Amino acid sequence: MAHTPSSSPDNHTTTPATKTSSTSIASLIGTATLIAVFLGLAVWILAQFALGVDGPTAVRYGASAAGAVLLIAAIIGVVRSLQAGGK
């Protein structure tokens, strides 16, 4: 009798190390996104209301701060991905 592969979601070829690594990277990106949103809002509010910078410039400052956080998180995610792929 021939063995037929199961179609259950548990029938996969990923190793536990890869699964943990991808979960860790997803968690990193999710956390960084939240931090970026709150940091961007905080920088915008401080620039516009506390420092008296005009609206469009204050929004630019907030977006730049948020973008920097996301860029750093993306670089860390890529490095961790490459390290996990080499194992």
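Let's start with F38, which sits in helix α1. Helices here are DSSP runs of H or I with at least four residues, strands are E runs of at least two, and both are numbered from the N terminus. F38 counts as exposed because its relative accessibility is 56%. Some cut-offs: buried is under 20% relative accessible area, exposed is over 50%, and partly exposed is in between, with a 1.4 Å probe and protein chains only. Across the sequence, F38 and A66 are 28 residues apart, yet 8.2 Å apart in space, C-alpha to C-alpha.

A word on the source. This is a predicted model, where local features need pLDDT of at least 70 and side-chain atom pairs count only at pLDDT 80 or more, while totals for chains, interfaces and linings use all residues. Residues are numbered from 1 along each chain as its sequence is written, and side-chain values use heavy atoms, leaving out hydrogens and water.

Now the overall picture. The protein chain has two helices and zero strands. Of its 87 residues, 17% are buried. Its accessible surface is about 6,500 Å², and 70% of that belongs to carbon and sulfur atoms. Those areas come from the Shrake-Rupley method with a 1.4 Å probe; for residues, only the protein chains shown count as cover.

Next, contacts, meaning heavy atoms within 4.5 Å. Take the contacts between residues at least 6 apart in sequence: 62% of them join residues at least 24 apart.

What is in the largest nonpolar core? Five residues: A32, A36, A66, V69 and A73. Both α1 (16-50) and α2 (55-85) supply at least two residues each. The largest share, three residues, comes from α2. By nonpolar core I mean buried Ala, Val, Leu, Ile, Met, Phe, Trp, Tyr and Cys residues joined through side-chain atoms within 4.5 Å. In soluble globular proteins, nonpolar side chains tend to be buried together. Look at A73. Leaving aside residues up to four places away in sequence, A73 touches L28, I29 and A32.

Staying with α2: its buried residues are T57, A58, G62, A65, A66, V69, A73 and G77. How does the span of α2 compare with 1.5 Å a residue? The 31 residues should span 45 Å, and the end C-alpha atoms are 45 Å apart, which agrees. The expected span is 1.5 Å times one less than the number of residues.

A68 lies in α2, and counts as partly exposed because its relative accessibility is 36%. A68 and A36 are 32 residues apart in sequence, but 8.2 Å apart C-alpha to C-alpha. S81 and S22 are 59 residues apart in sequence and 7.5 Å apart in space, C-alpha to C-alpha.

Over to α1, where we find L34. L34 counts as exposed, because its relative accessibility is 53%.

Last item: aromatics. How many aromatic pairs does a search of the whole structure find? One. The ring centres of W44 and F49 are 6.0 Å apart and the planes are at 70°, so this pair is edge-to-face. Rings of Phe, Tyr and Trp (its six-membered ring) pair if their centres lie within 6.5 Å; planes under 30 degrees apart are stacked, over 60 edge-to-face, the rest tilted. W44 is partly exposed, at 26% relative accessible area. F49 is exposed, at 59%.
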